Amino acid sequence: MNTHKSLRKEIDRIDEELVKLFEERMNISVEVANYKIANNIPVFDEMREKEVIEKNVARISDSKLKEYGEQFFNHLMGLSRHRQQELINEERLSKD
Ligand SMILES: C=C(O[C@@H]1C=C(C(=O)O)C=C[C@H]1O)C(=O)O
């Protein structure tokens with residue numbers, strides 16, 4: 001197999017793991033949304049998001065990747081918040 005092909009195979013293997021973890025994380029976020037709905041808690045928690053970024057960026061060993069890691073987590077949490085808001089909106093509509 002040529003190098004490009006074999007590297008893409010490695011990326012495919014990593015993506016497969018990422019997708020599982022992404023789905024798992026988003027499903028937990030849905031559970032958090034249900035807790036927030038039941039307890040009337042806002043979706044966005046700035047302090048928690050700062051903690052998540054700080055903790056995880058510190059885990060990245062390559063200093064050149066830290067900025068990318070920060071963006072990755074910002075995007076990930078943005079999607080998580082978006083999904084939570086979608087559920088909250090659906091819940092509100094179902095009560096109208
Ligand atoms: C999942 C939560 O909701 C939001 C999304 C977060 C995340 O995806 O990690 C973190 C904080 C909140 O802004 C939470 O409050 O824990």
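Modeller: Happy to! Let me begin with the term we need: a salt bridge is a side-chain nitrogen of Lys or Arg within 4 Å of a carboxyl oxygen of Asp or Glu. Please keep in mind that this is a predicted model. R13 and E17 are four residues apart in helix α1, so about one helical turn separates them. R13 is partly exposed, with a relative accessible area of 44%, and E17 also counts as partly exposed, at 44% relative accessibility.

Helix α1 covers residues 3-39, and E31 has its place there too. What separates E31 from R13, in sequence and in space? The two are 18 residues apart in sequence and 28 Å apart in space, going from C-alpha to C-alpha. E31 is exposed, because its relative accessible area of 54% is over the 50% limit.

Now move to helix α2, where E46 and K50 lie four residues apart, about one turn of the helix. E46 forms a salt bridge with K50, and their closest N and O atoms are 3.3 Å apart. E46 is partly exposed at 45% relative accessibility, whereas K50 counts as exposed at 53%.

Helix α3 has a pair of its own: E91 and K95 both lie in this helix, four residues apart, about one turn. The salt bridge between E91 and K95 has its closest N and O atoms 3.3 Å apart. Here E91 is partly exposed, with a relative accessible area of 29%, and K95 is exposed, with 64%.

Let's turn from charges to rings. A pair of aromatic rings is described by the distance of the centres and the angle of the planes. The structure holds one aromatic pair. F72 and F73 form this pair, edge-to-face, at 5.3 Å centre to centre and with 85° between the planes. The arrangement is called edge-to-face because its 85° angle is over the 60 degrees that the term requires.

F72 has its place in helix α3, and together with I14 and L18 it makes a nonpolar surface patch of about 270 Å².

F73 takes us to the core. In soluble globular proteins, nonpolar side chains tend to be buried together. The largest nonpolar core here has six residues, namely V52, I53, V57, F73, L76 and M77. Helices α2 (46-58) and α3 (66-95) each supply at least two residues of this core. Leaving aside residues up to four places away in sequence, F73 touches V52, I53 and N56.

Terms used
Residues numbered from 1 in each chain as written. Predicted model: local features only at pLDDT ≥ 70, side-chain atom pairs only at ≥ 80, totals over all residues. Heavy atoms only, no water. Phe/Tyr/Trp six-rings, centres within 6.5 Å; stacked < 30°, edge-to-face > 60°. Core = buried A, V, L, I, M, F, W, Y, C linked by side-chain atoms within 4.5 Å. Buried < 20%, exposed > 50% of the residue type's maximum accessible area, 1.4 Å probe, protein only. Contact = heavy atoms within 4.5 Å. Patch = residues over 30% accessible without salt bridge, like charges linked within 9 Å, V, L, I, M, F, W, Y side chains within 5 Å. Areas by Shrake-Rupley, 256 points an atom, 1.4 Å probe, with all protein chains shown as cover.
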